[in-house]
Amino acid sequence: MRKPLLIAAGTFALASILLPAPSAVAQTTTDPNTTAEAPQDNKLVIYQLMTRLFGNKVALNKPYGTITENGCGKFNDITDKALDEIKKLGVSHVWYTGVIEHATMTDYTAAGIPADDADVVKGRAGSPYAIKDYYDVAPDLAVVVKNRMPEYEALIKRTHDKGLKVLMDFIPNHVARSYKSDAKPAGVVDLGAMDDQTKSFAPNNNFYYLPGKSFVVPAGYNPLGPLKGAREDGKYLETPAKATGNDVFSEAPSINDWFETVKLNYGVDYQNGRKTYFAPVPDTWKKMRDILVFWAGKNVDGFRCDMAEMVPFEFWAYVIPEVKKVKPGIVFIAEAYNPKEYNAYLTKGKFDYLYDKVGLYDNLRKLMRQEGTTEDITKIWKEESNGFSSKMLRFLENHDEQRIASKDFATDPRRAIPAMTVTATLASGPVMLYFGQEVGEPARGAEGFSSEDGRTTIFDYWGVPEHQKWMNQGKFDGAKLSPEQKDLRDFYSRLLNLTSKSEAIRKGRFYELQDANNLGKEYNQRHLYAYLRHTPTQQLLVVVNFSADKTYRPVINIPADALKAMGLSDKKFYTYTDLLNGGAALNTLNLTLAPLSAHVFEIKPR
């Protein structure tokens, strides 16, 4: 049994604190506890769900199980009721992950879809990032395979009817080795159809080739463990061999490479000093523009762009404005991992938002594991994302990362309470939740291709047990959740609704209080973190305790410079109302901070 959830407001002393009253004071730029950045209201609240897994009601979970044995979620499983409950969490956007047709070991030849070779497919279900047809959706996700596109279109409409927006994947860097579009619109020339395969590189080729060489399946690859996959014989006919998706220019990629994929050519000659050929516009750029416009025409509201940094930002600078001509307001989110390139992908590449994985996520992860200090958070806002924090998409889970509740990460899902509060409220950029995170899904078991690594598989057919308790056979009422899980989900709901509605969180300035409090008797800066978010009409104080076992009783000091930054003077007394946990307004900042607690106080005159 999980320990009870500890998020309620603590005990407060009765001493009163005199704070100044509001006045219009300009933000200074020399204070080391804040930045000159003018926040933008970019507070998208994104709910990511793996479409194949979300609606799956089957609980067998047989390793390497087939779609018949282990089941598979469908577009139609994401019902009005499911969307209502997602929206109640405070969500504005739903990212439907794994929609586009990808290579799979499941046989759909009866529906006219060519079968794939198990030797170049990862997992029984296949990786949703090894695209087989950019113009089609995965047949796994349809109740009636021939109606798969109408079923997706109906989901888009259903989502919009609930006041939610739709995000989907765009995978620009690589495709499945078996790529061949059988659903492309009339007049569309397929990728590679016009390539000169006698050349390893040509500016208008869509792929990179290794002339005179044939592809070699990595030695030791065993697609289905003890079982046998379709066409599995350790061979795959591809002559000439194409370069592999993770920039491997060899006919024999290793088993650790993305050997199931091939690299797309955006006009960069990797084997000759990465010389670029961007004028005239490369053929791949035009083809990818047309693919994005196709999906924009389905009325999706944005794209999460996989491994965006493996594609030159010059392509993004070309394609994003082109797509926005067709659908103004459509958003582009880059999966990005190199802080040195963030500014280029935002300013030159025209992205709306970037992942903040190697910055805030990595450092909060250390704190959740009781390994880091809050100084790591300071470095993020002060250095790494200074000037564009409103553009950084922040999260604690996604399909690539380990589950918080897994033994490989934090074990106890309550450790997300302070970290998720910081994730959601530190800045004015987007925040994301991964399905199952809100009920403490631990990703136990080896699913097949995926080992027991703390992640929910994206390669196998599988049920997600704790999520299934909330789903309750399609009722989406949480009836099978434990009291602790219901409390955890309630925390996420309160936090994300506050995040989506609070003016100060959505567009307020930031002021850190660590320097003002680090000499306090009970203020352990290693575990406690405090800051202000403020606009002229709302002032908030956020205080969190990352310690898993220690209670602290600090007296929070808001210094004169911080008061001035918030436009406060010394004419009135103030109260503090905890908007996250509820309770009566308080007259003191002499706090008791329980382990793994988080508080968001609104400051108002008495």
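Student: Which residues is lysine 327 in contact with, leaving aside its neighbours within four places in sequence?

Tutor: In this predicted model, lysine 327 is in contact, meaning heavy atoms within 4.5 Å, with Ala296, Asn299, Val300 and Asp301, once neighbours within four places in sequence are left aside. Residues are numbered from 1 along each chain as its sequence is written, and side-chain values use heavy atoms, with hydrogens and water left out. Because the model is predicted, local features need pLDDT of at least 70 and side-chain atom pairs count only at pLDDT 80 or more, while totals for chains, interfaces and linings use all residues.

Student: And is lysine 327 buried or exposed?

Tutor: Lysine 327 is buried, with a relative accessible area of 16%, where buried means under 20% relative accessible area, exposed over 50% and partly exposed in between, using a 1.4 Å probe and protein chains only.

Student: Where is the place of lysine 327 in the chain?

Tutor: Lysine 327 lies in the loop between helix H6 (313-326) and strand E14 (331-334); helices (H or I, at least four residues) and strands (E, at least two) are DSSP runs, numbered from the N terminus. The C-alpha atom of lysine 327 is separated by 28 Å from that of alanine 424, a residue 97 places away along the chain.

Student: New topic: at what angle do H8 and H9 pack?

Tutor: Helix H8 (residues 357-368) packs with helix H9 (residues 375-384) at an angle of about 170 degrees, and their axes are 9 Å apart. Axes here are lines fitted to C-alpha atoms, for helices over the stretch in contact, and angles run from 0 to 180 degrees between N-to-C directions. H8 and H9 are therefore roughly antiparallel to each other, as angles over 145 degrees count as roughly antiparallel, under 35 as roughly parallel, 65 to 115 as roughly perpendicular and the rest as oblique.

Student: Which residues make that contact?

Tutor: On the H8 side they are Val358, Gly359, Leu360, Asn363, Leu364, Lys366 and Leu367, and on the H9 side Asp376, Ile377, Ile380 and Glu384. These residues divide into six nonpolar, two polar and three charged, where Ala, Val, Leu, Ile, Met, Phe, Trp, Tyr, Cys and Pro count as nonpolar, Asp, Glu, Lys and Arg as charged, and the others, Gly among them, as polar.

Student: Ok, now peptide bonds: which one is cis at proline 240?

Tutor: The bond from threonine 239 to proline 240 is cis, with omega near -5 degrees, and proline 240 sits in the loop between strand E8 (209-210) and strand E9 (241-242). A cis peptide bond also joins alanine 279 and proline 280, with omega about 0 degrees, and proline 280 belongs to the loop between strand E12 (275-276) and helix H5 (283-296).

Student: What about phi of alanine 443?

Tutor: Alanine 443 has phi near 55 degrees, which is a positive value in a residue other than glycine. Alanine 443 is in the loop between strand E17 (431-434) and helix H11 (465-471), and it counts as buried at 6% relative accessibility. Asparagine 472 has a positive phi too, near 50 degrees, and asparagine 472 is buried at 7% relative accessibility.

Student: Last one: how many helices and strands does the chain have?

Tutor: The secondary structure comes to 15 helices and 22 strands. Buried residues make up 61% of the 606 residues, and the C-alpha trace spans about 80 × 55 × 45 Å along its principal axes.
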